[in-house]
Each structure stands twice: as C-alpha cells, then as structure tokens.
Amino acid sequence: MDFSNFSLMQQEISLIVLFVILLVADIFASDRFKRWYRLVACLLFAVHTLLGFLPLNTGTAFGGMFVCTGMTILMKNILNIGALFVLMQSGQWLQTSENIHKQGEFYVITLATLLGAYLMVSAGNFMLLYIGIETMSLPLACLAAYNKYKEKSAEAGAKYILISAFSSGIMLFGLSYLYGATGTMYFADLKGLVTANPITILGFVFFFAGFAFKISLVPFHLWTADVYEGAPTGVTAYLSVVSKGAACFALIFALWHVFGNIEVVWHHILWALTVITIVVGNLFAIRQKDMKRFFAFSSISQAGYIMLGVMSGTAQGMTATVYYILVYLLSNLVIFGVITAVENESGKTDIASYNGLYKSNPKLAFVMMLALFSLAGIPPFAGFFSKFFIFAAAAARGEYLLVFIALLNTVISLYYYLMIVKAMFINQAEEQAVGFIRTDGYNKTSLILCTAGIIIVGILSGIYDYMASISIGM
C-alpha cells in the first residue's frame, strides 16, 4: 500500500484522532475530569477546524477513489464551522441531569457523522460515496432518538432510520444498474461512458431519488417535519445545516462529473422538482405553529433554492451554491441557538411562546430578527447576496422562468419569516410566556459569532472571490 495516499486525508485523520481522544476520555476519565469534558471537546474541535484552513495537499488518492481539491477542503471547513456551533449550542441541554451521564456519546456520535460527511464530499467513486452516506446516516438516527424515553424523539429516530434505509436501498439499486451498464464506479471513468440508454437513465433516476430523500426535495420530504420536531433541538440544527450541506455538496460533484452527458434527460426533472420544492416548502411553512416544524419546511424551501445553483453546472453555479450554503448555515444556527435558549428556559417550542420576546429578551429577539432577515434575503445581510448570486447563476444559464418563480416565492417567504418578527416585537403575550433567559456562555458565543458572520460574509466580497477562484466548471 502506498501510504502517501493518506497525506491527502489530513482532515479525516485529524477528525479520527479527535474522535479517539474523546471516546477514550469518555470511557476512562474520572468524574472530576468529565466536568471539563465539554470545554475540552469544543476546544479540540475548534483547533481541528482552524487546522483545516492551513494550506493542505491536493490531488487524488487510492486510484481516484478519494479526491481532495481546494473546493472540497473549503466544503469540509464549512461543515466544521456548522458542527462546532452545534456542539457549543448543545452544551447546556447536555448538562441537564437527564443527559449529563451520556454527554460524551453525543460528541463522539456527532464526530462520526461528520466523518461520513467528509467522505461524501471527497468521493471520486460511488462506493466511497455510499459508505460516506451510511457513515453519516446511521449515527444521525441515534442522535435523533437521543431522548429515547420521549415518545417524539424515539419516533424521530425510528422514522429517520427507516427513511435512510429505504433511500439507501433505492440509491444502491440505481448504482447497480449504472455498474451493469458501464462496468465501473469511478466518477472519472463514468464521465465518458454514461450515455442516454435506458439502463443508465433508470440508474440515474433511482440514484437521484435516493439522494432527494437526503436533501428533502419534494415529494421525498415527508419525513422532515416529524424528524425535525421530535429530535433534540441541537440535532435538528445539525440535520438542517451539516447533514443537508454535505448532501448538496456531494450531489453537485456526482450530478455533473458523472451525469453531465445526459443533462438533457434530467434537466426537466430537476427543474420541476426545484419549483414544487420551493412552493410546497413555503406554503406549508405558513401553516406551522411549532418553530421546529416551521424551520423544517423552511429548510425544504431553501433546498429548492440550492438546486438553482446545482442545476447551473458552471463555476459560477458552484460558487453560488457553496456561498449560499455557508450563509444558510450561519443564519439557521443563529435561529436554532435562540430556539435552544428558549426551550432550555421554558421547555416550549411553539411560535406563541415568542410573543413579546423582545420585552423579556431583547438581545435574543434582535439576533433572531437579523437571522430571519438574512434567510428572507433582505439587504444588506448576507442572505440577500446569496440569493442574488444563485439567481444570477441560474439566469446565466437562461433559466429566466425558474428565477421568476423563485423570486415570487421569496416574497412569500418574506411574509412568513416576518410573522415571527411580528410575534417577537409586536404581539402581546396574554401572560409572560418566557421570562428573562440567562443564555449559556457557549451558546452566547456561538450566537455572536454567527451573527457577525451573517454581516461579514455579506460585506466582504473577498470571500466570494476566493470561492470563485477555486471553483471548477463542469
């Protein structure tokens, strides 16, 4: 074996080392040390995240099975940022008497899912992509059912594992057709072999259907609201940003590196799915009374917007997609950080609990409002620029009707995001639904950093320019 191949897997190896340290510490450390477990875990993961921004080797390893480029490194860094903030926001919930004895499991399982996300992003072969999906999905089911004695959490875990198994089976079925037609699973080889014959098309349809479950594209979205509602809030945040982001990143490469030759076949399918995903996500979000279900449908709608960039298949489209996911990640984590703080204080996640939040917790209400404005695409926040870039990428490909429909739906999304702003700043609570919240220091830090990120990423054009410099057209 050529061990030089491992030199391209610095981020994976660093994550595995961190995983082992935390696992050993959880098993063998004394109770006195475990009081510092959370601090050590967050600090070590922060160091791991910072190391990812150092210059790293690029190239292909294991005969093209593993691919490491500037863009894959950046994608992993974005996932690291999301995971770090989720770990910070989940700490107070893990300190409760119900969860303190199993906090180590949470950190270790979360790192295991992140390793799967890494493998998905760097896959140059469908088998490695599949291993990555399973490595990420199985531990996520454990996290969804983390509060196993709560009915909704157990139900969320059961639904997630069933849907994951179903979608993986469908995807594997499609890959078997593809292998039967071409005799290879390597992306580089498939690019020249995939043609519009019935077996290949059938293979693509099953493969894409399996992936659509992971991203929650309509009509493969039905599990999303129930799982988001039932899972612990920290896990819901992880599902909405890291899990979805990794799946979108992997889909970009697979779609264009493998199936680019048959774009004429799948373009209309993806066009229709993008439209109904945006419309259905927006319309169902308006009807929700629970914050976690609300943002489940919001995430479905956002997945539709992400597909606008994925469909473009250009360096501009890839840059816009990665930028969009970064901004979506920061905005969503501010929102889930506030939801976590309110839930820790009151145990409530219904929207009515946010009536008059400005009076009791003005700072939380303020950062929540900024994040909602960013998600809605209101200038000058980063969400405005992320939508602008992704619309521009789609328009550059001549998708004017699709851009027009997406713009109309942006107005609808503005309405329902403002409903929460109205609840916090205008609605009067019949009784004080939520008192003053003394936010946990870790959560407070994550809220400050994410809010700053929403503003800085929007202002500093150099961030988009850097992404554009390492993007590859397909």
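**View 1. Thr200 sits in helix H9, residues 198-215.** Helices are DSSP runs (H or I) of at least four residues, numbered from the N terminus. The model is predicted: local features need pLDDT of at least 70, side-chain atom pairs count only at pLDDT 80 or more, and totals for chains, interfaces and linings use all residues. Residues are numbered from 1 along each chain as its sequence is written, and side-chain values use heavy atoms, with hydrogens and water left out. Is Thr200 buried or exposed? Thr200 is buried, because its relative accessible area is 0%. Buried means under 20% relative accessible area, exposed over 50%, and partly exposed in between (1.4 Å probe, protein chains only). Leaving aside neighbours within four places in sequence, Thr200 is in contact with Leu178, Ala181, Val194 and Thr195. Contact means heavy atoms within 4.5 Å.

**View 2. Thr110 belongs to helix H5, residues 103-121.** Thr110 has a relative accessible area of 2%, so Thr110 is buried. Which residues does Thr110 contact, leaving aside neighbours within four places in sequence? They are Leu87, Leu143 and Tyr238.

**View 3. Ala247 is part of helix H11, residues 233-259.** With a relative accessible area of 1%, Ala247 is buried. Set aside the neighbours within four places in sequence, and Ala247 is in contact with Met120, Phe211, Lys214 and Ile215.

**View 4. Ala247 and Phe85 are 162 residues apart along the chain.**

Definitions and conventions:
Helix = DSSP H or I, 4+ residues; strand = E, 2+ residues; numbered from the N terminus.
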